[in-house]
Amino acid sequence: MKMELDGLKNIWNKQTTGDNEKISTAEIYKMIHAKSSTTVKWIFMISLIELGLGVITGILSAFFDSHKEGITHLKSMGIYEYLEIISVIITVVILGFIGAFFYQYKKISVAENIRELINTIVNTRKIVRYYILFNLGTSGIIFTVSMLIGISQGYTTAMQLDGIENPHIPLKIWILSSIIVIITVSIIITIVWYIYKLIYGRLLKKLHKNHQELLELE
Amino acid sequence: MDKDLEIKFVKELDSNQNIVHKICRIYTSNSHDHKDLFQEVTIQLWKAYPKFRGDSKFSTWMYRIALNTAITLYRKSTRRIKTNDLDAIHFKLKDEEPEDDEHLKQLYKAIRWLTDIEKALIFLYLEDTPYKDIATTLGISEGNVRVKLNRTKNKLKQLLNP
C-alpha cells in the first residue's frame, strides 16, 4: 500500500509517549542536575589544553639552563634585544587569541537558531586553529633561525680549530644549509598540521557536515 | 537556581515530554541513546530556562533547544553499533489501529535515513510548524525552507515507497 505523507501526518499527531519511554518527574529532577557531555564542552576542554600548553611551555623553557645559555649567546651576537621585542609581540598575539576565544565561546547559546549556533561553534574552533597555526609558524621560524645560527657557529669553531682566524662561511654552504633546514622544518610542520586536522576532523565531522548542508541552502 | 523555578520547569517539561521523545526517536536508534539524548536535552533546556521569557509557547521554544541539542551538541557517551531497531520505538497511539502503528514505525524508519538537517525540517513539518517558524528555527530564509522541504518530502516518499 502506498504511504502518503499527509495521511502519515495525521497518524504522527496521534502519538503519545509510550509507557516504556515515559520519564517520571523524579527522574527529570535527577536529570537536570546530571553532568552534561556535549561537543561544545569537549571543544572547550581541548581548546583550553591547547591554549594552556603553548603558554606553559613558554614559561617552563625560561627555567632551563640551555635557555639561559642561549640568551648569553644571543647577547654576544647582539640580537637579544630584537628577540625580546619579538617575544613581546608574540605574547600580545597569544593573549589576543585567548581573549578572542573566550569572547567567542561566551557567544555560544543553545537558544540561537541552528545555523547561528553551528556558526558560532565553528568560529570558536577557528580561533584555536589559527592559534595552533601561529604557534607552528613561529616555532618553525625560531627553529630555522636557531639551526642556522648553530650551523654557522659549528662551522666557525671547526675552522678556528684548524687555525683559520675570522673564517667566512662560503655562500654555497649558507644556501645549501638554509634549503635543507627550511625543507625539513616545512615537512615536520606539514605532518604535524595534517595529524592535527585529522584528529579534529573526526571530532567535528558531524558539525561540519551539518554546517555545509546549511551553507548550501543559502 | 531557585526551587520554584525548578518545580515550574519540571512540570512544563513533564507535560511536553512527548515532543522530546519524538526528537529522540528520530535522532537515535536504540533505547540507551534515546534516554541519553533525552537527558542532554533536559539539561540544555534547564540551563536555558532562566532566559525563557515566555514570548513564545514553551513547546515552540523547546523545539529549538531540543533540535539544537540533537543536531549540534549531542555526543554519544559510548560508541554503539548503529541499528535501525524498530522494536525500540515505544510510542503509544490514541485510538490505536494496528495498521497505524505499523505505518508510524515505517515513517520513523524512513526518517532515520535522512540527514540531520532534513530530519529537523520533516519533524517541524509533521508538527505543523508554520514556514516562518521553521525558517527562524533553522536560521534560513522562508523561500529556502520551501525548496528544501519539498526536496526532503520527495526523498521521504521514495524511502517510504521504494
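Visitor: Leaving aside neighbours within four places in sequence, what is B:Arg64 in contact with?

Guide: B:Arg64 is in contact with A:Ala111 and B:Thr137, where contact puts the two C-beta atoms, placed from the backbone, within 7 Å. This is a predicted model, in which local features need pLDDT of at least 70, side-chain atom pairs count only at pLDDT 80 or more, and totals for chains, interfaces and linings use all residues. Residues are numbered from 1 along each chain as its sequence is written, with chains lettered from A and ligands numbered from 1 in the order in which they are written.

Visitor: Is B:Arg64 buried or exposed?

Guide: B:Arg64 counts as buried because it has 23 C-beta neighbours inside 10 Å; the cut-offs are 20 or more other C-beta atoms within 10 Å for buried, 12 or fewer for exposed, and partly exposed in between.

Visitor: Switching topic, what does the domain assignment of chain B give?

Guide: It gives domain 1 (1-85) and domain 2 (95-162), with bounds from an automatic or database domain assignment. Their C-alpha centres lie 19 Å apart. The contact takes 12 residues from domain 1 and 11 residues from domain 2.

Visitor: How does the domain 1 side divide into nonpolar, polar and charged?

Guide: There are 6 nonpolar, 3 polar and 3 charged residues on the side of domain 1 of chain B that touches domain 2 of chain B. Here Ala, Val, Leu, Ile, Met, Phe, Trp, Tyr, Cys and Pro count as nonpolar, Asp, Glu, Lys and Arg as charged, and the others, Gly among them, as polar.
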